[in-house]
Amino acid sequence: MEFLSDVREDVYKPSIFELIAQEQLRDLLQPAVKYVLGVFAQQYPRYLIRIFNKHEEFYAAIMLIVERHYLKKHGASFAENFYGLQRRRAPLIETERANIAVGRAAEPVKLRSRDINRSLLFLVGLPYIRAKALDYYESLGGNIPPEALGPSEGSSPRPLPATRRQRIDELYRKMYPLINVSFELWVASYNIAYLFDKTPFYRPWLRWMGLDLRRAGPPPPPNETMRKVYASTWERIKAMLKSSPRFLLESLKILLPLSIFFVRFLEWWYSPSSPARALSAAPSGPAVPPPQLLLPHPDGLPVDPTKFGQCPICHQQITNATLLPSGYVFCFRCIHPVVESSGSCPVTLQPVSIWQLRKVMA
């Protein structure tokens, strides 16, 4: 009887906590990639600022390549493979108990092209659509009612009749929270049903695709072709070039977590409150004096010396402070297009190049 009680436990069925963990890893990838892209965009704005402004499309294109590779080779997404899971075409009759009783391991099943395309639709397409829908909802003001924003400057006291586009936007702003909550409740119901063994699918679209998630079995035996000894150097070079993209995608399982940790470490190291930076910031020589403040040009932007910390261009509190050789400080997003277009300081009209912009550390 004890043997039968042990057989009933399906050791290849992942727990709900494993499934949620791999979902969280996938959700953390996009903010990490966006952060790294933003850091490099500040250093090379001419080349990366347009990519950063389209980071959803950029991330979706990268994940399309990565997820397709892992689905074709491992039968799992990147996050699922990272946690030792794989996708399987759900059988009509479950024979897992018999497999466990005779000690057979779960064998990897190669996904069909239709399964891969459907998986990509929900692994890449659905998150992209949800991200764009959220951005559009926030651009409309989100949960803030229009009355709370107050009348815009120069608007007439009597409100004008809403156009068709405005009515559609207002309807979208009201319906988006309801649709989003309904979607989350729909997904949560499958999580609860999976937790109590009411369904083998923890996501509703997996039921539609006929795929379930299992713990991966032992790795397949090495392919004999990988052991082939190449006779010539040219054949070795061709084999290396052919396997390099695959090797790069496979190494993401190690390189991506390490790169995220490294970027976070650098962020902490260079933060103003870092004790390591305070120890390493001991002066090794005389302090470099700040640049001499030049007088404003009569045709340049006026500067009020009493309003300290205000950007002369947008007249708001300076964010991401950037110093010019003329001694004036601006917001980076304000001064970069001005210098790029005119090549001069907007206050003193002195010639300035892009490479002369200096970020002011707090």
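Q: Helices are DSSP runs of H or I with at least four residues, numbered from the N terminus. In this predicted model, which residue just after helix 4 takes a positive phi?
A: Helix 4 has 20 residues. Just after this helix, a positive phi of about 70° is taken by Gly75.

Q: What distance does helix 4 reach from its first C-alpha to its last?
A: At 1.5 Å a residue, the expected value for the 20 residues of helix 4 is 28 Å.

Q: Which residues does Val124 contact, leaving aside its neighbours within four places in sequence?
A: A contact requires heavy atoms within 4.5 Å. Ala60, Met63 and Glu67 are buried in helix 4. The contacts of Val124 beyond its sequence neighbours are Ala60, Met63, Leu64 and Glu67.

Q: Why does the salt bridge between Glu57 and Lys132 tie together parts that are apart in sequence, and how many residues apart are they?
A: The side chains of Glu57 and Lys132 meet at 3.4 Å, N to O. Glu57 counts as partly exposed at 28% relative accessibility, and Lys132 likewise counts as partly exposed at 33%. Glu57 lies in helix 4 and Lys132 in helix 7, so the pair ties together parts whose separation in sequence is 75 residues.

Q: Are Arg88 and Asp212, which form a salt bridge, buried or exposed?
A: The closest N and O atoms of Arg88 and Asp212 are 2.7 Å apart. The pair links distant parts of the chain, with Arg88 in strand 1 (residues 85-89) and Asp212 in strand 2, 124 residues apart. Both residues are buried.

Q: What is the distance between the closest N and O atoms in the salt bridge of Arg87 with Glu80?
A: Arg87 and Glu80 are both buried. A salt bridge requires the nitrogen and the carboxyl oxygen to be within 4 Å. In this pair, the closest N and O atoms are separated by 3.0 Å.

Q: Which residues make the nonpolar surface patch of about 450 Å²?
A: Membership of a patch requires over 30% relative accessible area. Tyr44 is partly exposed because its relative accessible area is 46%. Its place is in the loop between helix 2 (16-43) and helix 3 (45-53). The patch is made by Val39, Phe40, Tyr44 and Tyr47.

Note on methods:
Residues are numbered from 1 along each chain as its sequence is written. This is a predicted model: local features need pLDDT of at least 70, side-chain atom pairs count only at pLDDT 80 or more; totals for chains, interfaces and linings use all residues. Side-chain values use heavy atoms; hydrogens and water are left out. Patches are made of residues with over 30% relative accessible area and no salt bridge: like charges are joined within 9 Å, nonpolar side chains (Val, Leu, Ile, Met, Phe, Trp, Tyr) within 5 Å. Accessible areas come from the Shrake-Rupley method with a 1.4 Å probe; for residues, only the protein chains shown count as cover. Helices (H or I, at least four residues) and strands (E, at least two) are DSSP runs, numbered from the N terminus. Buried means under 20% relative accessible area, exposed over 50%, partly exposed in between (1.4 Å probe, protein chains only). The expected span of a helix is 1.5 Å times one less than its number of residues.
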